[in-house]
Amino acid sequence: MDRHSTLLLKTLARWGGVGLALIVLAAAVEPKPRAQRSTPVAILVNPATRVSNLSLAELREIMLGNRQFWPDHQPIVLLLRAPVAPERTAVLHIIYQMSEAEFRQYWIAKIFRDETATAPKVVYSASMASELVVAIPGSIAFLEADEVQPGPKVLTIDGKKPGEKGYPLQ
Amino acid sequence: MIRSVSCSLLLCVLAYPVRLRAQTAAPATAVPVAGQASAPAGAVPPTDQEHYPSLNIQGFADIDYSAQDQAAERVGTATGFTPPGVSSNFNLGQFVLHFAGALSPKVSYFAEVSWTAGANGFTTTVERSIIRYDYSDNFKISAGRYHTPILYWNTAYHHGLWLQTSINRPEMIQFGGRLIPVHFVGLLAQGLVPGTGSLNLHYEAGIGNGRGADIAEPGNAGDINNNKAWLATIYAQPAWAYKWQAGGSVYRDKIGPANGIAGNYGEWIDTARLVYTGEKPEFISEFANIKHTLLGAPGTWNSQAWYAQIAYRLPWLQAKWKPYYRFEYIHIPITDPVFNPPTNPVPSLAGSIAGVRYDFSPYAALKMEYRDSRRAPNKPRIHGIFVQTALVF
């Protein structure tokens, strides 16, 4: 074993154990996820969008901004409810698996890594979300299912409609 | 450094009739990032569309303090001035502005400009300047000055230090370092590899000027040896494990007398990465092998560098604390003529960093680190305490 390797192992042994122990401790006491919601969250898209079903993984890719185009190359416009809306909280928990702070940091980083030129748009009410998703080509939004108004196309997720057994955004 | 170019660009950008999102009457506003006001709901009819060009400006800054017992051997800092010996310093770090502009639904421009405190004042640098056309998720093409996309850290974290967990970058990719070409000027194609399904295989392929006269810099104003560097990166980000990323890169260049190095050498850089992008935990590990081959005569040298960083956002105290640990290792053969010129050789390193990040505001963090490192077994061990406050506005 050469001198560099010896030095490497000694340094690793000195500090690695401390860091690992701290992380294991934190993971052990991490609060458990919350119970499921009673009102499902519906995913709405512009009626001209040629997509009727998404898997939860595909929806996550879209919400994360990793998929930025529909299959016909139409840019996806992401509409998000403003903070405190219950469906936003649900989407952060189920799809993003992030806290509000993590979510903000995620999008700041996303834009300034030059991975996308535009951030999601924030909408302030259910009616505004429904109107905008009809008006903006390629847009996608989410609402509590009982607030959906006529006009937008409601997607099935993993082949399930909102409220059906096994619907993932419950 | 390209001070004059950067000043001109900045003036042009600021003089341009920009439409900041916070000032538009769009019906929906972008995700409110730091410093941006939110437009009232329903300000205009919802049929209004995106305005072009649009411009989003974000600022980053950091202020640092360091105390070391061997300042001349300081680890992981690309900026500042310290005399040799025991030292303690306050350092202004970098002031950085990011400009992200949408020119049309599929064309965008991005720029990153930094002001760095030095011994003789501030240096202004255009760190990134990129125009990009997004045809689809499978094909995006861009031109400009990038952070070379052959290592995860280099493209995930930039000059705004608030974005990264630790105070400094790993030394193998620190700004101003010569081990890896941190910047790249040229063309880049990127996207999802079609047909890879839930594996989500991404590619990046680029061609550019390669290293400049100073091998720490790219050829900003042209190619100094008329031999283009190229790179290829492939990584998977599976849909079923979307916070994981695994992949690797290849970078090829030719360097020689024009780079201030005696002789002509081929340079191959192979890298590998394994990353978990969450916060509970955050895990980043990367490896690079840099091979220099003397052209026209026998002679090959391989240098290795790697690091592994792990962090965890603690669930207590409003999840504001995030301890982290990183081990770094760089081994450079003392006979490598590219990294060991007669003066100022690229040093080896074995070192640990243990620290904690405290997010005292959603947009500002305080980071505290202890570092313990050594350049070689026969060199003294270096100990240091580093503190940084980094913010985004």
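Colleague: How many helices and strands are there in chain A?
Modeller: Chain A has five helices and seven strands, where helices (H or I, at least four residues) and strands (E, at least two) are DSSP runs numbered from the N terminus. This is a predicted model, in which local features need pLDDT of at least 70 and side-chain atom pairs count only at pLDDT 80 or more, while totals for chains, interfaces and linings use all residues. Residues are numbered from 1 along each chain as its sequence is written, and chains are lettered from A and ligands numbered from 1 in the order in which they are written.
Colleague: In what order do the elements run?
Modeller: From the N terminus on, the order in chain A is α-β-β-α-β-α-α-β-α-β-β-β.
Colleague: Which residues of helix 2 are buried?
Modeller: In helix 2 of chain A, residues 56-63, they are Leu59(A), Glu61(A), Ile62(A) and Met63(A). Buried means 20 or more other C-beta atoms within 10 Å of the residue's own, exposed 12 or fewer, and partly exposed in between, with C-beta atoms placed from the backbone.
Colleague: What do those buried residues pack against?
Modeller: Their partners in chain A include strand 1 (41-45), strand 3 (77-81), helix 3 (86-96) and strand 5 (139-144).
Colleague: Changing topic, where is Ser52(A)?
Modeller: Ser52(A) lies in the loop between strand 1 and strand 2 of chain A.
Colleague: Is Ser52(A) buried or exposed, and why?
Modeller: Ser52(A) is exposed, because 10 other C-beta atoms are within 10 Å.
Colleague: Which residues does Ser52(A) touch?
Modeller: Leaving aside residues up to four places away in sequence, Ser52(A) touches Leu155(A) and Thr156(A); contact requires C-beta atoms, placed from the backbone, within 7 Å.

Definitions and conventions: Two residues are in contact if their C-beta atoms, placed from the backbone, lie within 7 Å.
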